[in-house]
Amino acid sequence: MTSLQATRQPPRTMPQGTPLWLRIRRNAWGYVFVSPWVVLYMIFGLYPLILSFYLTFFTYSFVTPENRAFVGVGNWVGGATDPLFWKALYNIVLNQAVFITLKNGIGLLTAALLFRITWGARFFRTIYFLPVITSTVVLMTIGDNLASPGGPIQRWMINAGILAGPSFWKSDNTLPMIVIALINTWKWFGISTVILLAGMYGIDPRLYEAAAVDGARGWDMFRRITLPLLRPQLFFLLVVDVINGLQMFTEVFSIGFNVYGGINNQALTPVLYLYAQAFDRSNVGYASTLGLLLAFIIAGLTAIQFRFIRSEAD
């Protein structure tokens with residue numbers, strides 16, 4: 001082993017000014033192995049993106065593609081001032097305010113409890129994570145039946161005096177997004193639990209020992225040691241939740257709402273509205289514009305979150 005290490009040659013580097021074709025020739029096998037992914041990305045990623053941007057300047061229909069007409073930035077102006085698009089964004093803000101708070105709050109509490117127990121910890125981790133790997137359609141259907149006017153949750157609330165009578169929450173202007181957030185919390189809090197629990201196991205136990213010597217108790221340790229050191233995990237969960245929330249579609253569609261989110265658009269989401277424009281109204285150019293507007297919003301919010309966490313770190 002020692003002789004092999006002694007005779008091992010350092011990797012050769014190409015001198016500056018080497019022609020491009022020589023660089024490609026030297027790394028030919030690398031390009032060969034990477035090429036399938038590059039080809040697939042260009043076909044299913046880059047080409048649709050370019051085509052979508054191109055279609056934003058036209059009125060285009062799948063039914064009558066020959067009637068395509070150039071509208072300039074009309075689709076962009078229409079999308080930015082579309083009240084239904086902003087209504088969809090408002091619905092998502094309401095939904096995510098409830099969902100992110102509950103999902104990560106319950107996940108943090110559950111992780112803290114699992115961190116302290118030794119017997120049965122694996123069993124409870126498995127139970128809490130089962131909804132995560134269950135189909136979204138299945139979970140939403142179960143949650144819809146549980147929360148229906150004749151379901152067990154409303155019967156219990158009526159018997160307990162919380163409700164005066166059955167609540168037809170799907171027709172309400174606010175409750176649909178809140179109920180969906182509650183069902184989504186049931187499905188996804190397990191992923192927060194696992195990620196935050198892993199973060200807790202990564203904290204140096206000597207910090208807790210030193211704090212205990214100084215007289216700190218459980219809540220003080222949690223507030224001054226655990227929470228600050230879990231900031232990277234909490235930031236990751238926040239970014240992922242915001243991105244996934246703005247792309248919500250299946251959760252609403254699978255519990256019986258139409259592509260416009262109900263009569264009063266009470267459950268309308270940006271992706272649902274995009275889908276309605278493309279496949280119900282066959283307005284592909286406008287749908288492409290809405291999709292790119294949503295992508296810009298997601299990118300902007302993600303950049304703001306990263307900038308905030310960097311300023312906090314500095």
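I looked up Asp204 first, and at 27% relative accessibility Asp204 counts as partly exposed. My cut-offs are buried for under 20% relative accessible area, exposed for over 50%, and partly exposed in between, with a 1.4 Å probe and protein chains only. The model is predicted, so I note that local features need pLDDT of at least 70 and side-chain atom pairs count only at pLDDT 80 or more, while totals for chains, interfaces and linings use all residues. Residues are numbered from 1 along each chain as its sequence is written, and side-chain values use heavy atoms, with hydrogens and water left out.

**Salt bridges**

I searched the whole structure and found four salt bridges, each one a side-chain nitrogen of Lys or Arg within 4 Å of a carboxyl oxygen of Asp or Glu. Asp204 is in one of them: its partner is Arg206, and the closest N and O atoms are 2.8 Å apart. Arg206 is exposed, at 59% relative accessible area.

I then took the pair Asp241 and Lys103, whose side chains meet at 3.1 Å, N to O. Asp241 lies in helix α12 (residues 231–246) and Lys103 in helix α5 (residues 83–116), so this pair ties together parts that are 138 residues apart in sequence. Helices here are DSSP runs of H or I with at least four residues, numbered from the N terminus.

Arg223 and Asp220 form another salt bridge, 3.5 Å from N to O. Both lie in helix α11 (residues 218–229), three residues apart, about one turn of the helix. I noted Arg223 as partly exposed at 36% and Asp220 as partly exposed at 29%.

**Helices α6 and α9**

I looked up how α6 (residues 121–129) and α9 (residues 175–201) pack: the axes come within 8 Å and cross at roughly 145°. The axes are lines fitted to C-alpha atoms over the stretch in contact, with angles from 0 to 180 degrees between N-to-C directions. On the α6 side I listed Arg125, Tyr128 and Phe129, which meet α9 residues including Phe189, Ile191 and Tyr201. Contact means heavy atoms within 4.5 Å. The residues of this contact divide into seven nonpolar, one polar and one charged. Ala, Val, Leu, Ile, Met, Phe, Trp, Tyr, Cys and Pro count as nonpolar, Asp, Glu, Lys and Arg as charged, and the others, Gly among them, as polar.

**Nonpolar patch**

I found a nonpolar surface patch of about 770 Å², made by Val34, Trp37, Val38, Tyr41, Met42, Leu46, Leu49 and Ile50. Patch residues have over 30% relative accessible area and no salt bridge; nonpolar side chains (Val, Leu, Ile, Met, Phe, Trp, Tyr) are joined within 5 Å and like charges within 9 Å. The areas come from the Shrake-Rupley method with a 1.4 Å probe. Val38 sits in helix α3 (residues 28–55) and is partly exposed at 32%.

Asn265 is not a glycine, yet its phi is positive, about 55°. I place Asn265 in the loop between α13 (250–253) and α14, and Asn265 is buried at 16%.

Ser282 also has a positive phi of about 55° without being a glycine. Ser282 lies in the loop between α14 (270–280) and α15 (284–313) and is buried at 15%. Leaving out residues up to four places away in sequence, I list its contacts as Tyr60, Ser61, Phe62, Val63 and Gln277. Gln277 is one of the buried residues of α14.

Conventions:
Helix = DSSP H or I, 4+ residues; strand = E, 2+ residues; numbered from the N terminus.
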